[in-house]
Amino acid sequence: MTEERPARSAGRTPAVVRLLVLATFVVILNETIMLNAIPRLMESLHVTQQSAQWVSTAFMLTMAAVIPMTGWFLQRFTTRQAYMVAMTVFIAGTVISAIAPTFLALLLGRIVQASGTAVMMPLLMTTLMTVVPEEDRGRVMGNVMLAISVAPALGPTVSGFILQVGSWRLLFVVVLPIAALITVFGLRKMTNIGEPQVTSIDWFSVVVAALGMGGVVYGLSLFGENEIGLGIGIAAAGAILVAVFAFRQVKLQRTDSPLLDLRTLGHRTFRISLALASIGFLSMLGAMFLLPLYLQNLRHLSPLLTGLLLIPGGLAMGLLGPTFGKVFDRFGGRPLVVPGAIGALLSLAGFTMFSLTMPYWQILALHIVLMISLAAMFTPTFTIGMGALPAHLYSHGSSMLGSLQQLAGAFGTALTVTVLSTRSTQLVSEGATVEAAQLGGMRVAFGVMVAFAVVTLVLTFMLPNRAETSEGSPAVAH
């Protein structure tokens, strides 16, 4: 097959990247589109808060389980083939979710949706690193942040508008024709980047990765349902399976056939960027889960008003992404990531002071600061981390980055629910009202995220100002 590449002219984003950004924005938007619908879902399908949050947690867990396969998948198939498969699977999951008669059927639809979504971010990142010259990556990565970070941030806002005029099913009905049009248009314009390689896949690794990652998060989620003993057991079993997966990959690297090449972790800069991106996404998803619950259940706002209150933060994140990219190209990452980490820490600390009378302008301001701070961190973090890898590890690096980011998001959501539920139950048993107990649980949950934000701040000082492409050989042996 003849390799086709868009023109690598500085200052212009290649057409294939623009197409992938658009498609990735639409599919990743669905990752958080159900967060605002959880109160409505609890009422419609008669499920508990702990069960309802699985429409988002299952989505992220599926992505975390499927993304490790994308390193192999993107090497095995052409860009157009990968795009077609991903969007077709996503559309099928959207149809299942829209017509789901039960909560379990809805979960199935979300899992299918996520399977298609999982391919898009690694496909986008790998293509970007291949076709965009190094001196222009910051600017292009800033635009890519629209899809990777702003789409999840806008999910609750978009759903707020839709829920105001219809049921939760309308969330999927609206997305369906948009996804179909983007698929058809994309296939007409998409060009192939690179040459496919015929490689085998280790299905044992696939199964172990899925069970291990799923077990860790599911075990943690059981804490919120007072199944602490069972939760510890399942989480521990999941952690053991993750370790088995890692050892299996090291063994497969000797024949250059790992499902997920852990030699990426031999690059110190990539390891730091991986931790920063994961913890940052955990904080964002945790806040996005708690805020709609607080605004709707405790402040009694409608989904529409909730969405309107949260939209400025998402828009600010999107509008400033390209600007942060240009700043990175000129000055490097440190002038962005350090202030970004400080801003995220302060805003999350502000959320720990939630009350039933906190002015809405304060909530709005805290949310905007959090979103802008995370945007300032994400753009240089992704660019520096991926830039530290050799070209042949781009697909595996983007797969690992996406997988751990989603796992951290699922972990963050489950941890948030666990802390919220445990603390609320404790306060009710001590005689507090239901509202006061839930408010206390939210404060503690945000306090946990503050602890993660402190870790993030420490890591930002370890991240180099620019990608160190001359790093030594990966520490993980072939």
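**Terms and their grounds**

Author: In this predicted model, the count comes to one cavity of 30 Å³ or more.

Reader: What makes the largest cavity qualify at the 30 Å³ cut-off?

Author: The largest cavity holds about 50 Å³ of space. The cut-off is 30 Å³ or more, and a cavity is a space where a 1.4 Å probe fits but cannot get out, so the term applies.

Reader: Why is the contact of D202 with R248 called a salt bridge?

Author: The closest N and O atoms of D202 and R248 are 2.8 Å apart. The criterion is a side-chain nitrogen of Lys or Arg within 4 Å of a carboxyl oxygen of Asp or Glu, so the pair qualifies. The pair links distant parts of the chain, 46 residues apart: D202 lies in the loop between α8 (170-189) and α9 (203-221), and R248 in helix α10 (residues 228-252).

Reader: How do you know whether D202 and R248 are buried or partly exposed?

Author: D202 has a relative accessible area of 16%. Buried means under 20%, so D202 is buried. R248 has a relative accessible area of 24%, which lies between 20% and 50%, so R248 is partly exposed.

Reader: How many salt bridges does the structure hold, and with which residue does R263 form one?

Author: The structure holds two salt bridges. R263 forms one with D261, their closest N and O atoms being 2.7 Å apart; this value meets the 4 Å criterion. Both R263 and D261 are buried.

Reader: How do you know that the span of helix α5 agrees with its number of residues?

Author: At 1.5 Å a residue, the 21 residues of α5 (residues 79-99) should span 30 Å, and the end C-alpha atoms are 31 Å apart, which agrees.

Reader: Why are the buried residues of α5 said to line one face of the helix?

Author: The buried residues of α5 include T79, Y83, F90 and I91. Seen down the axis of α5, its buried residues fall within an arc of 165°, so they line one face of the helix.

Terms used
Residues are numbered from 1 along each chain as its sequence is written. This is a predicted model: local features need pLDDT of at least 70, side-chain atom pairs count only at pLDDT 80 or more; totals for chains, interfaces and linings use all residues. Side-chain values use heavy atoms; hydrogens and water are left out. On a 1 Å grid over the protein atoms alone, a cavity is a set of points where a 1.4 Å probe fits but cannot get out, and a pocket is an open set with protein on both sides within 12 Å along at least five of seven lines; lining residues have an atom within 4 Å of a point. Grid points are joined across faces, edges and corners, and a volume is the space filled by probe spheres set on the points. Helices (H or I, at least four residues) and strands (E, at least two) are DSSP runs, numbered from the N terminus. Buried means under 20% relative accessible area, exposed over 50%, partly exposed in between (1.4 Å probe, protein chains only). The expected span of a helix is 1.5 Å times one less than its number of residues. The arc is that of the directions from the helix axis to the C-beta atoms.
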